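Hi,

Here is the structure I promised to pass on.

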Amino acid sequence: MVMVYLLFALIVFALMGVPLAFAIGASCITYMGAETPQFLAMIPQRIWSGSFSYVLVAMPLFIFMGELMNESGITKRLLDFCMYLVRPIRGGLGEVNIVASMIFGGISGSSVADTSALGSVLIPEMEKRGYPPEFAAGVTVASSTMGMVVPPSIPMIMYSMISGASVGALFMAGLIPGLSVGVLQLIVCYVISRKKGYHPVQPPFVFKEFVHTMVYSLPAILMPLVIVLSVSLGICTASESAGIAVLYSLILGMFIYKKLTVKKIIIALRRTLISSASITIIIGFSTIFTWLMTMMQIPQIVSGFFLGLDMPKWVLLLLIDLLILFLGTFIDVSPAILMLAPILLPVMREIGVSDWQFGAIFIVGLAIGLVTPPVGMCLNTCNKINGMSVTKIAKGALPFIACNILVLLGTTFIPAMSDWLPTMMHY
């Protein structure tokens, strides 16, 4: 009953136009004021304790790193490099879009940043070269879902805060599912492009140009590798690796590419502060939500409900997948992790699913919500770029979202997809 009351109040406040973070807080305060007024005095303490986490230090640093790389003009260099990578298969800008998302996602750790940075360049260019607008927008938003799955992943950091699992292990858990999404989307894109004649006649391969592009892009391409290995090998913590990544980005932008100025650094800082503050406020208010659920023993009740269904394990896993997909359609990634993870974790642990595997399942599932109406943050970002309706963009993304769903099912029913790498790294 508590869960229903809180969700109903949250929906009412959201429909009134209250920002999500404050809608979460207002729903909790409304319930506490009516049922447990003695707990109201604890609200500031719970907000502070939820936001004050060492793990969260990595989040603004990774966001800042991504902004610095954007301001350094890294996008164009990545695209030049990707053009050479897909040339052996006579690939066009559709394949370039997906490969660039794989690499850029490993730099920014954010799907929305991926859509914004690559979409603003690639969508107009794809349309100029004869790609239908729906296809150009669809492949852009769908491929950007890899940004929150491949390491470094900001949602994985938030999930780590709740589950207690190692950030490095979670980065490794998301690597194979994230790359699998990319490979499947490449196949779908190639088949569609070949069938409909989107592939252009490519200029001849010039080895000298390839070497030049490779050398010029290599420092940026190595960024995800530096981050992942430094955390996974235990050389430093996630927060320390994020600090190293920021320093690396500054050196790269100012002294190697020479595109990063003090003015651009200030712009990057301002965007980082806005993004980080928004997420931190959501985390703070969501902490009250999860605290209330813990006080009312909601996780135990939900766990008992699922386990009491007396269904085979595969049916329970499928039900949880459907629940994540459904709620991800209406709730943004950050609050979904903070509100659902404490409820579903006990269930998954009880049926023998590791925290790593559930983290991968959770993030892959929520990534699909980024490209499904009505909330779909990547859809809305793409809408601002090309002015196309959210429904049309989602329609163009459907063939590629099928790849995400296939990977979600694989991650759910093949534990090795998420558990093998962390185990190999001795976590």
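Below is what I found, starting with the whole chain and ending with one residue.

First, the ground rules: this is a predicted model, where local features need pLDDT of at least 70 and side-chain atom pairs count only at pLDDT 80 or more, while totals for chains, interfaces and linings use all residues. Residues are numbered from 1 along each chain as its sequence is written, and side-chain values use heavy atoms, with hydrogens and water left out.

The chain has 20 helices and zero strands (DSSP runs numbered from the N terminus: H or I of at least four residues for helices, E of at least two for strands). The C-alpha trace covers about 70 × 45 × 45 Å along its principal axes. Its radius of gyration is 22 Å, which agrees with the value near 22 Å for a compact globule of 427 residues (taken over C-alpha atoms; the rule is 2.2 Å times the number of residues to the power 0.38).

Of the 427 residues, 54% are buried (under 20% relative accessible area; exposed is over 50%, partly exposed in between, with a 1.4 Å probe and protein chains only). Among contacts with a separation of 6 or more, 80% join residues 24 or more positions apart (a contact means heavy atoms within 4.5 Å).

Now for the single residue. Ile 267 sits in helix H13, residues 262–295. Ile 267 counts as partly exposed because its relative accessibility is 21%. Thr 237 is 30 residues away from Ile 267 along the chain, and their C-alpha atoms are 27 Å apart.

Cheers
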